[in-house]
Amino acid sequence: MTSPATGGRLRPRWWPWAGIVGALLLGGLISGLSVAVTEGSSRLSSSTECSATTVANDALPSVVTISASGASGGGTGSGEVIRRDGYILTNNHVISIAANGGRVSVLFSQGTTAPATIIGRDPKTDLAVIKVNESNSLPVIPFGNSRNVEIGEPVVVLGAPLGLSSTVTSGIVSALGRNIEVPSDNGNNALLVGAIQTDAAINPGNSGGAMTDCSGRLIGVPTAGATVPNASGQGSAGSVGLGFAIPANLAKSVSDEIISTGRVTHSFFGISVVPIQAAADTAGTGQGLYVVTVTPGGPAAVAGLRTDDVITKVDGEPAVDPNQLFALTLTKRAGDTVSITYERNGQSATTAVTLGSQ
């Protein structure tokens with residue numbers, strides 16, 4: 001993968017560290033990330049710095065270190081308490097290794113530990129919810145509104161980088177709206193939709209922790225970081241000042257559905273596409289997404305799209321990346337409509353695709 005900002009490689013923050021053996025790029029040895037949000041604005045004052053001490057005092061009791069193990073290894077990551085009765089949000093990659101008969105445990109900031117149960121996982125957004133047995137007594141992190149986040153505002157990141165619990169770093173939001181593709185289960189990919197970019201240090205183990213505003217409200221979930229290749233082609237081991245977090249509003253929606261039903265249902269188009277450049281020998285040159293296949297009877301087929309069409313706009317935006325469609329299946333629900341402009345035999349047309357349910 002390439003970094004949208006630097007051209008350097010991106011890697012999810014679940015690489016192994018000292019004391020853990022046999023990690024794979026995915027699964028195996030992991031460090032995770034998590035999410036949450038609620039009502040309220042995360043807009044900040046004109047100050048360019050947060051009081052990290054104040055944020056840490058307020059938020060750290062809600063941030064936990066997660067250990068997961070399974071047949072192929074184990075690792076640690078981060079998470080946060082989102083409900084007082086024991087629900088904790090984290091990344092799928094933090095706990096997926098324990099999904100088939102493994103073990104998950106949680107270390108709280110005050111030093112106590114508790115076993116946890118996996119409530120549900122969503123490999124497509126890299127989010128998951130676990131639960132410890134508590135009776136309405138856990139401190140909950142307050143949720144912010146990630147739609148109100150602005151470039152340049154200060155943020156604080158809390159988690160367990162390299163397994164070091166209750167670690168705090170700070171920085172600013174350096175960009176918004178990044179769509180970052182990272183490895184997920186079974187050779188598939190997850191997409192961090194509209195990710196928040198930050199220069200706050202994010203290292204292996206921070207994943208699943210909390211990115212907060214200066215009031216200690218959760219606005220994002222640290223998830224991935226850019227690396228700079230060295231002479232051998234391998235990425236650097238530490239933070240290079242380009243980290244990415246899942247927006248809290250998306251995380252809230254996913255976690256609520258997991259807690260309610262134990263699973264997440266995404267919408268779908270029923271279509272596969274490639275950038276027009278990748279199909280130049282068939283579809284000519286230019287900008288757009290070349291339609292490779294259309295599922296018979298699926299949403300795209302019902303809307304009139306056909307194989308060999310060239311999609312030029314998706315929801316009014318120029319069509320340049322297949323992840324534009326992938327992102328919409330993660331942020332829109334079945335029954336929602338998406339405007340698709342396409343070309344066929346030199347003629348342009350627009351249709352509305354009513355998304356189906358996977």
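1. A cavity is here a set of grid points where a 1.4 Å probe fits but cannot get out, and its volume is the space filled by probe spheres set on those points. The model under discussion is predicted. By that criterion the structure holds one cavity of 30 Å³ or more, and the volume of the largest cavity is about 40 Å³.

2. Which residues line the largest cavity? The lining consists of Val63, Val64, Thr65, Ser78, Leu107, Phe108, Ser109, Gly159, Ala160, Ser165 and Ser166. Strand β3, residues 63–70, supplies the largest share of this lining, namely three residues.

3. The structure holds one disulfide. It joins Cys50 to Cys214, with an S to S distance of 1.8 Å. The link of Cys50 and Cys214 is left-handed, with -90 degrees about the S-S bond. This pair links distant parts of the chain, the two cysteines being 164 residues apart. Cys50 is in the loop between β2 (32–33) and α1 (52–59), whereas Cys214 is in the loop between β12 (208–212) and β13 (218–227).

4. Four bridges join strand β18 (residues 310–314) to β20, and the two run antiparallel. In this pairing Val310 stands opposite Glu343 of β20. Strand β20 also pairs with strand β21 (residues 347–354), in the antiparallel sense and over eight bridges. There, Ile340 stands opposite Thr351 of β21.

5. Where residues up to four places away in sequence are not counted, what does Thr341 touch? Its contacts are Val310, Ile311, Thr312, Lys313, Ser348, Ala349 and Thr350. Residues 310–314 form strand β18, and residues 347–354 form strand β21. Thr341 counts as buried because its relative accessibility is 13%, which is under 20%.

6. The backbone deserves a separate remark. Most residues other than glycine have a negative phi. Leu162, in contrast, has a positive phi near 55 degrees. Leu162 is placed in the loop between β9 (154–159) and β10 (167–183), and its relative accessibility of 45% makes it partly exposed.

7. Asn186 likewise is not a glycine and has a positive phi, of about 55 degrees. Its position is the loop between β10 and β11 (189–198). Is Asn186 buried or exposed? Asn186 is exposed, because its relative accessible area of 75% is over 50%.

8. Asn345 takes a positive phi near 55 degrees in the hairpin of β20 and β21. That hairpin has two residues between its strands.

Definitions and conventions: Residues numbered from 1 in each chain as written. Predicted model: local features only at pLDDT ≥ 70, side-chain atom pairs only at ≥ 80, totals over all residues. Heavy atoms only, no water. Buried < 20%, exposed > 50% of the residue type's maximum accessible area, 1.4 Å probe, protein only. Contact = heavy atoms within 4.5 Å. 1 Å grid on protein atoms, 1.4 Å probe; cavity = no way out; pocket = protein on both sides within 12 Å on 5 of 7 lines; lining within 4 Å. Disulfide = S-S within 2.5 Å. Pairing = 2+ DSSP bridges.
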